[in-house]
Amino acid sequence: MPEKVLDIDDLHMIYAGGVHAVRGISFEVNQGESVAIIGSSGSGKSTVLRCINRLIEPTEGKIHLKGEQINTPHTDVNDLRSRIGMVFQSFELFAHLKVLENVTLGLRHVRKMSKGEAEEVALSVLERVDLLDRIGAYPGNLSGGQKQRVAIARALAMHPEVLLFDEPTSALDPELIGSVLETIKGLADEGMTMVIVTHEISFARDVADRIIYMDEGVVAEEGPSSIINNPKSERLKKFLSSLHEDEVPEQIHQDEGDSTV
Ligand SMILES: Nc1ncnc2c1ncn2[C@@H]1O[C@H](COP(=O)(O)OP(=O)(O)O)[C@@H](O)[C@H]1O
Ligand SMILES: [Mg+2]
């Protein structure tokens with residue numbers, strides 16, 4: 001039996017203003033699995049990731065990491081964030097620190113490594129994201145794709161049990177998206193456990209082991225990547241057919257004869 005890494009049970013999030021953004025989400029992520037979460041803007045995808053990483057407190061529900069409940073008042077949030085890596089759309093790098101220092105920071109302060117130990121780990125993850133030639137650069141002198149790969153290296157350096165990605169390519173110019181998707185695909189191939197919120201539907205289909213389609217705060221459809229080409233629910237069919245032409249994968253089977261692709 002595969003080991004369960006994340007177990008999300010009946011998650012609800014009502015924001016202070018009263019928006020019920022997440023309305024009873026449950027799913028599991030097993031060791032080595034890549035799960036993609038897709039869905040239109042405002043469907044609650046980022047809210048789910050932020051609850052998992054304890055950036056916000058869910059109104060209701062339980063989140064377990066390897067069998068241990070992590071949304072309790074006793075959970076050490078810093079420790080948790082080193083076990084659950086997160087990569088944001090906007091990179092969130094420190095502008096005044098060089099690439100190498102951005103990656104060593106958490107290792108030194110959270111993992112209490114010496115400078116030498118931290119640099120050794122950082123160099124190995126920076127090599128993995130193909131950035132060894134930029135270790136002395138400041139984020140301001142990197143392309144968006146390079147910045148995002150630094151952010152991925154920083155998360156990887158902590159050896160997280162699971163990595164969360166929130167639309168990692170949506171702030172990038174089209175020509176820079178490929179290198180970041182390649183990096184994420186490489187991690188999937190190596191067996192990294194990941195939850196990837198993405199609007200890159202073909203990427204989700206080709207890389208994820210499982211797809212979760214969210215709509216209005218609920219899981220409206222969930223299944224293997226084949227659901228992208230063979231959606232069952234009307235809601236997923238409608239979502240897929242609403243996407244821009246280049247994002248729509250080939251051969252969406254539509255039962256009704258309305259316009260698609
Ligand atoms: N900090 C917040 N305060 C109030 N409402 C929020 C906040 N963040 C998100 N929302 C609302 O929650 C809903 C889900 O948002 P979000 O999780 O960001 O969706 P997605 O990531 O799928 O686009 C939206 O209606 C959004 O406006
Ligand atoms: Mg979002």
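In the hairpin of β9 and β10, which residue takes a positive phi? I looked it up: Glu-216, near 45°, with two residues between the strands.

I am working on a predicted model, where local features need pLDDT of at least 70, side-chain atom pairs count only at pLDDT 80 or more, and totals for chains, interfaces and linings use all residues. Residues are numbered from 1 along each chain as its sequence is written, chains are lettered from A and ligands numbered from 1 in the order in which they are written.

Helices (H or I, at least four residues) and strands (E, at least two) are DSSP runs, numbered from the N terminus. I call two strands paired if DSSP finds at least two bridges between them.

I checked β9 (residues 210–215) on both partners. Four bridges tie it to β3 (residues 34–38), in parallel. Ile-37 faces Ile-212 there. Five bridges link β9 to β10 (residues 218–223), antiparallel. Met-214 sits opposite Val-219 in that pair.

Next I took β1 (residues 4–14) and β2 (residues 20–30). They are antiparallel over eight bridges. Met-13 stands opposite Val-22. Their hairpin has five residues between the strands, and Gly-18 has a positive phi near 105°.

Last, helix α8 (residues 234–242). I found Leu-236, Lys-237, Phe-239 and Leu-240 buried (20 or more other C-beta atoms within 10 Å of the residue's own, with C-beta atoms placed from the backbone; exposed means 12 or fewer, partly exposed in between).
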